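Student: I would like to learn how to read a protein model feature by feature. Could you walk me through one, giving the general idea before each case?

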Amino acid sequence: MSSNGLTESEDAPATQKQVRVWVDGCFDMVHFGHANALRQAKLMGDILVVALHSNADITAHKGLPVTTEEERYKMIRAIKWVDEVIEDIPCYTSVELLEKHNCDICAHGDDFAANADGVDSYAAVKTAGKYREYKRTEGVSTTDLLQRLLQMTQQHLCANEVNRYEGRSYPIMSLQQRVLSVLACKYVSDVIIGAPYTVTESMLDNLKVDYVLHGQTPVYPNKDGSDPYEAPKTRGIYRTIESGSALTTDVILQRIYEHRLEYIRRNSAKEAKEERVLESLKKRRDSARVANV
């Protein structure tokens with residue numbers, strides 16, 4: 001018994017249960033829209049559990065994904081707000097699935113999500129009062145990125161080979177979108193916005209750089225033929241590292257080119273499905289208004 005006359009169990013403050021938030025999805029070609037969704041979901045609780053659908057389920061409900069399961073798992077695990085990753089879960093979210101993984105609530109964007117049959121994928125958790133919504137990030141989606149990449153394959157691919165777009169001057173995302181995507185990575189501490197292509201002596205001095213690292217992808221020379229990494233190489237602080245992945249923009253372009261017609265059908269089918277869902281929701285609202293008159 002403590003000095004205030006209470007037992008130890010009565011004297012000790014009650015431990016508050018951590019709220020576990022469940023978010024599931026395809027997360028194909030992970031981008032800053034996905035990262036922002038996960039950031040918002042993490043604010044709803046303490047532990048963020050992200051569950052990913054298998055490629056087989058994605059193909060059945062939405063169409064062929066661009067990235068592999070392993071690639072998607074690695075990218076989601078690298079996002080700073082993610083605490084746990086669950087692999088290979090169904091496209092329909094049930095209360096039992098949340099309970100199995102000890103999750104209290106399920107979060108999703110404010111856009112309507114339906115499976116291949118047009119049924120609300122979150123109907124069960126909504127009925128159970130376990131559903132929460134966050135704002136969808138405007139201006140970017142996997143469908144939008146796929147459309148941009150399809151345009152790139154039309155302009156920059158020929159004879160089944162990936163053409164090097166000169167100077168890498170055809171970005172898929174805007175500077176702001178790319179900055180936000182990189183900042184979402186848990187291994188990144190800071191981002192220099194608008195950094196020049198060439199790493200200069202002044203940059204190394206001003207930023208107090210100890211090492212300059214580059215992956216195994218080719219280094220393209222400056223327009224005058226000079227090496228953009230000449231300064232760090234001269235100082236002996238340039239290093240090449242293995243990423244552990246063969247995935248590059250060119251690899252993604254090649255995949256899209258090889259399945260171009262299938263991805264065009266995928267985007268067209270998604271647009272048609274969204275139109276049907278919106279029309280169905282409109283009819284329901286109209287019917288409800290008539291019933292209330």
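**Reading the model**

Tutor: Helices (H or I, at least four residues) and strands (E, at least two) are DSSP runs, numbered from the N terminus. This is a predicted model, in which local features need pLDDT of at least 70 and side-chain atom pairs count only at pLDDT 80 or more, while totals for chains, interfaces and linings use all residues. Residues are numbered from 1 along each chain as its sequence is written, and side-chain values use heavy atoms, with hydrogens and water left out.

Student: Is Leu-146 buried or exposed?

Tutor: The general idea is a cut-off on relative accessible area: under 20% is buried, over 50% is exposed, and in between is partly exposed (1.4 Å probe, protein chains only). Leu-146 has a relative accessible area of 0%, so it is buried. Its C-alpha atom is separated by 9.6 Å from that of Ile-172, a residue 26 places away along the chain.

Student: What does Leu-145 touch?

Tutor: Contact means heavy atoms within 4.5 Å. Leaving aside residues up to four places away in sequence, Leu-145 touches Met-29, His-31, Val-140, Ile-172 and Met-173. Leu-145 is also placed in helix α7, and it counts as buried because its relative accessibility is 5%. From Leu-145 to Met-29 the C-alpha distance is 8.3 Å, although 116 residues separate them in sequence.

Student: Where does Met-29 lie?

Tutor: Met-29 belongs to the loop between β1 and α2. Its phi is near 50°, a positive value in a residue other than glycine. With a relative accessible area of 8%, Met-29 is buried.

Student: Which other residue has a positive phi although it is not a glycine?

Tutor: Asn-102 has one, of about 55°. Asn-102 lies in the loop between α5 (95-100) and β4. Asn-102 is exposed, because its relative accessible area is 54%.

Student: How should I read the two faces of a strand?

Tutor: In a regular strand the side chains alternate between the two faces of the sheet. Now take strand β1 (residues 20-25), where six of the six residues are buried. Arg-20, Trp-22 and Asp-24 are on one side, and Val-21, Val-23 and Gly-25 are on the other; both faces are covered.

Student: Which strands are joined to β1 by bridges?

Tutor: Two strands pair if DSSP finds at least two bridges between them. Strand β2 (residues 47-53) runs parallel to β1 and is joined to it by six bridges. Within that pairing, Val-21 has Leu-48 as its bridge partner. To get from β1 to β2, the chain passes through helix α2 (residues 32-42), in a right-handed β-α-β crossover. Right-handed here means that, with the strands pointing away from the viewer, the path from the first strand over the helix to the second runs clockwise. Strand β4 (residues 105-109) is also parallel to β1, with two bridges between them. There, Trp-22 stands opposite Cys-106.

Student: How many aromatic pairs does the structure hold?

Tutor: Rings of Phe, Tyr and Trp (its six-membered ring) pair if their centres lie within 6.5 Å; planes under 30 degrees apart count as stacked, over 60 as edge-to-face and the rest as tilted. The structure holds two such pairs. One is tilted and joins Tyr-122 and Tyr-131, at 5.8 Å centre to centre with 45° between the planes. In the pair of Tyr-229 and Tyr-238, the centres are 5.2 Å apart and the planes are at 45°, so this pair is tilted. Tyr-122 and Tyr-131 are both buried. Tyr-229 counts as buried because its relative accessibility is 15%, and Tyr-238 does because its value is 16%.

Student: Where does the charged end of Lys-233 sit?

Tutor: A charge sits over a ring if NZ of Lys or CZ of Arg is within 6 Å of the ring centre and within 35 degrees of the ring normal. The charged end of Lys-233 is over the ring of Tyr-238, 4.9 Å from its centre. Lys-126 lies over the face of Tyr-131, at 4.8 Å from the ring centre.

Student: What does the chain look like overall?

Tutor: The chain has 12 helices and nine strands, and 36% of its 293 residues are buried. Of the contacts between residues at least 6 apart in sequence, 75% join residues at least 24 apart.
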